[in-house]
Amino acid sequence: MPQEYFIANSTEEALAMLAARPGARVIAGGTDLVIDLKEEKRQVNTLVDVSRIPELKVIEEKDGEIILGGAVTHAEAAAAKLIREKLPALAAAAAAVGSPQIRNVGTLGGNVVNAQPAADTAVALVALGAVATILGPAGKRRMAVEELYEGVGRSKVDAGREILAHFSIPIWGDGEGSAFKRLSPRRALSLPILNTAVRVQVRGGRCTRARICIAPVAPGPFLCEEAAAILVGAEPCPEVIARAAAAAKEAARPRDSLLRGSGAYRKEMTAVLVGRALKDAFFLATGLD
């Protein structure tokens with residue numbers, strides 16, 4: 001277990017602590033990291049706590065974007081009026097995570113950096129087109145969330161040298177809607193068999209933009225461009241939704257899993273969940289059932 005534990009008051013201080021202590025690692029909620037440390041899956045000498053840094057806790061609308069700090073907890077994201085009104089897929093995904101205890105400490109940034117493909121809020125962030133801002137020794141860089149995955153459990157964010165500062169989500173404006181759906185053995189404290197998040201925009205009676213993310217059907221949250229392309233330019237209707245859902249099923253490549261069920265079952269359920277999510281998102285976008 002780590003021998004030192006520091007609490008940083010600013011990102012500059014946190015980065016300096018990391019740089020001065022090889023083998024150190026960022027901790028925020030620690031809901032995944034602490035388990036890994038106890039099971040000796042990771043070797044960490046020093047923990048640098050960033051959960052109290054004000055700029056990592058922000059939830060605000062600014063310059064046509066919604067900004068969410070990397071240390072915003074799932075409970076905070078689920079409860080925030082701004083998120084519930086403008087990004088309902090993220091609010092629903094955050095509310096689905098674990099238990100109240102986990103949601104109260106687990107963070108959006110940690111959910112992404114831990115790099116598990118079926119992480120609920122990560123799936124929603126990808127569907128919403130979130131871009132992560134990462135601070136490190138070389139300065140600041142920005143990457144789309146879906147690009148941060150190198151493989152299962154492997155992130156392009158180096159938590160020993162870098163901090164995921166915040167997510168930026170563009171506001172699409174009038175006629176947009178988003179939704180999140182999850183299939184699991186029970187409602188709480190269970191891994192998702194499958195989850196999906198979608199975002200759509202409707203203008204002039206036709207879908208003008210769409211994003212569909214599905215997991216776990218790939219090493220990271222899977223952005224299904226084939227299904228989204230079917231929606232763009234089309235009038236939202238049951239037939240078009242069914243075609244997009246079928247395309248998502250065709251593109252999905254889930255594996256057999258002792259914990260999550262067979263790949264064949266999850267492939268079939270991909271169409272079901274995507275169809276349900278799209279129906280809800282289009283209802284929010286248009287008000288038409």
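Trainee: Which helix is His74 found in?

Mentor: His74 belongs to helix 3, which covers residues 74-79. Keep in mind that this is a predicted model.

Trainee: Noted! Is His74 buried or exposed?

Mentor: His74 counts as buried, because its relative accessibility is 2%.

Trainee: And which residues does His74 touch, leaving out those up to four places away in sequence?

Mentor: Among them are Ala94, Val97, Ile102, Arg103 and Gly106. The list also includes Thr107, Leu108, Asn111 and Thr121.

Trainee: Let's move on to Leu18. Where does Leu18 lie?

Mentor: Leu18 is part of helix 1, residues 11-20. With 4% relative accessibility, Leu18 counts as buried.

Trainee: What does Leu18 touch, again not counting residues up to four places away in sequence?

Mentor: Leu18 is in contact with Ala24, Arg25, Val26 and Val48, and also with Ala159, Gly160, Arg161 and Glu162.

Trainee: How many Å apart are Leu18 and Gly173 in space?

Mentor: Their C-alpha atoms are 40 Å apart, and in sequence the two are separated by 155 residues.

Trainee: New topic: where does Ala138 lie?

Mentor: Ala138 sits in the loop that joins strand 6 (131-136) to strand 7 (139-144).

Trainee: Why does Ala138 count as exposed?

Mentor: Ala138 has a relative accessibility of 84%, and the exposed class begins over 50%.

Trainee: Nice. Last one, helices 10 and 11: at what angle do their axes cross?

Mentor: Roughly 145°, and the axes of helix 10 (residues 238-251) and helix 11 (residues 263-286) come within 8 Å. The crossing of helix 10 and helix 11 is right-handed.

Trainee: Which residues meet there?

Mentor: From helix 10 they are Ile241, Ala244, Ala245, Ala248, Lys249 and Glu250. Helix 11 brings several, including Lys267, Glu268, Ala271, Val274, Leu278 and Phe282. By class, the contact between helix 10 and helix 11 has eight nonpolar, two polar and five charged residues.

Technical notes:
Residues numbered from 1 in each chain as written. Predicted model: local features only at pLDDT ≥ 70, side-chain atom pairs only at ≥ 80, totals over all residues. Heavy atoms only, no water. Helix = DSSP H or I, 4+ residues; strand = E, 2+ residues; numbered from the N terminus. Buried < 20%, exposed > 50% of the residue type's maximum accessible area, 1.4 Å probe, protein only. Axes fitted to C-alpha atoms, helices over the stretch in contact; angles between N-to-C directions. Left-handed = near helix turned anticlockwise from the far one by under 90°. Contact = heavy atoms within 4.5 Å. Nonpolar A, V, L, I, M, F, W, Y, C, P; charged D, E, K, R; others polar.
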